[in-house]
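Could you walk me through this one, from the overall fold down to a single residue?

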Amino acid sequence: MNISWIEAFGIMISGLLIVFVGLIILIVMVVLMGKFFKTAKKTPKQSDPPKAATPATSAKSAPARPMQVQNGVEEETVAVISAAVACMMQASAPHSAYAITGIKRGKEPRPVWGFAGMQQNTRPF
Amino acid sequence: MISFLSDTIGQLVVDSGLYNMTLPNAIMISISFVLIYLAVAKGFEPLLLLPIAFGMFLSNLPMGGIFDEGGLIYYLYMGVKMGIYPPLIFMGVGAMADFGPLIANPKSFLLGAAAQLGIFVAFLGALALNAIPGITFTAQQAASIGIIGGADGPTAIYTTSILAPELLSSIAIAAYSYMALVPIIQPPIMKALTTDRERKIVMEQLRPVSKTERVIFPILVTLICALMVPATVPLVGMLMLGNLLKESGVTERLNKTAQNELMNIVTIFLGISVGATARAETFLTGQTLGIVLMGLAAFAFGTVGGVLFGKVMCRTSGYKVNPLIGSAGVSAVPMAARVSQKVGQEYNPTNFLLMHALGPNVAGVIGSAVAAGVLIATLGPK
């Protein structure tokens, strides 16, 4: 099928227009979705602000306890763990007050092959 | 006895591939060797280029008949002809995609839309090539060439199989070769269109995205795209199904299959079938040269469109958006996003644009599927 230049430009303009309009509609819907879930998340906490303020205030007024770090844990490791906790808390509970009170090594984990075997056998069908 | 032997041996010689080898066969086989070299030694999109190259090799072996009616690839090709393989690959792509950066910053959709400029510029460019003697592209063929600018292999193959199946092999090879060349094609354009100040812009951290939003997003996108352009349903629908399988968290086995086994099987069948269509009579023509040239134009103008729109967003937002992420709107995921990151870091080593660039990158996948739907709806068989 051969087309004229006018038809070709028409396809170009209408194609770009439809792509933009479609994606703009998606932008609007995604923004509305984000606002809806932000509002829905905030609503149950509206009755709590006075309580939420109290622990934060008491945390600020209480003298800060020094962090207990297990022997053998390097300063760089403490810095990395603190940064990771800060990122996680920012994502999951952005307005909460917290303090890291200690860093120590966890128990020796199950051997990897044993863990894989346990997972294989207990995974729901 | 001797005459029987000589007749038998004579017949075997006459029926052999070597005896029936022609110059076009030899040229196509040589080209397939070059593509195999690029895939294996240079790492040019090997997952698809290697099966494509080998399919080309098998199909051009004289007397092999692998692509003739009754041959193995003749039946495997049915999946391409009926538009089955590309949507299945898109399902795997969706299962691997992370739409979080896009949900967190929906304005990235605009960059994904702007980068589709390359598709339509190449469409016009292919029609303009009709002025050259020996090159004749119909509107459908020009649209199939243009879709190379979407930088999306499955979209290019799906669109071409509907609009211009005779150009499938050339367009697929051009599309995957240029996708591998994104780190070479894009940076000079990005640097030419942006200022030093713009390249150094550090963007704000993206907001966290909840699981509920991630689950609703694929359903929403499918609904909107399908209601606007029904021809997008196979591609966008399967893309979003794959993503929903991942994000729902309750179909882990299906998610793993979509990302791994299913995608790998379909990739092999698709690659070898598409490669087998590269016969001398359709490949060794002036049209193939036109496709190669327009493919490059499509990628270049896609980058131009994305970066220029990124500059507009940069100015209107008060220098909060780094225009380099606009180039990631071409949907070569995640390579184009990595290129934005790399170029950004050249000018500001502390700048991490990768997550911001992934938004336009995955938006480009949706944008190119919508553009393909528009072209199929406008120029496809009624």
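Here is a short tour, going from a whole chain to the contact between chains and then to some local detail.

## Chain B as a whole

Keep in mind that this is a predicted model. Chain B is built from helices, with 23 of them and 0 strands.

As for dimensions, the C-alpha trace of chain B spans about 90 × 50 × 45 Å along its principal axes. Of the 382 residues in chain B, 55% are buried. Take the contacts in chain B between residues at least 6 apart in sequence: 77% of them join residues at least 24 apart.

## Where the two chains touch

The contact draws 23 residues from chain A and 35 residues from chain B. On the chain A side, the largest share comes from helix α1 (residues 5-42) of chain A, which supplies 19 residues. Sort the chain A side by residue type and you get 19 nonpolar, 4 polar and no charged.

Which helix holds Ile224(B)? That would be α16 of chain B, running over residues 211-228. Ile224(B) counts as buried because 21 other C-beta atoms lie within 10 Å, and the cut-off for buried is 20 or more.

Setting aside neighbours within four places in sequence, Ile224(B) is in contact with Gly22(A), Ile25(A), Leu26(A) and Met29(A). Within its own chain, here is one spacing to have at hand: Ile224(B) and Ala357(B) sit 133 residues apart along the chain, and their C-alpha atoms are separated by 23 Å.

## A pair of helices: α18 and α19

Now for two helices of chain B, α18 (residues 252-259) and α19 (residues 261-276). How do they meet? Their axes come within 3 Å and cross at roughly 25 degrees. Angles under 35 degrees count as roughly parallel, and α18(B) and α19(B) are therefore roughly parallel to each other.

From α18(B), the residues making the contact are Thr257(B), Ala258(B) and Gln259(B). From α19(B), they are Glu261(B), Leu262(B) and Met263(B). By type, the residues of this contact between α18(B) and α19(B) split into 3 nonpolar, 2 polar and 1 charged.

Key. Residues numbered from 1 in each chain as written. Chains lettered and ligands numbered in written order. Predicted model: local features only at pLDDT ≥ 70, side-chain atom pairs only at ≥ 80, totals over all residues. Axes fitted to C-alpha atoms, helices over the stretch in contact; angles between N-to-C directions. Helix = DSSP H or I, 4+ residues; strand = E, 2+ residues; numbered from the N terminus. Parallel < 35°, antiparallel > 145°, perpendicular 65-115°, else oblique. Contact = placed C-beta atoms within 7 Å. Nonpolar A, V, L, I, M, F, W, Y, C, P; charged D, E, K, R; others polar. Buried ≥ 20, exposed ≤ 12 C-beta atoms within 10 Å, placed from the backbone.
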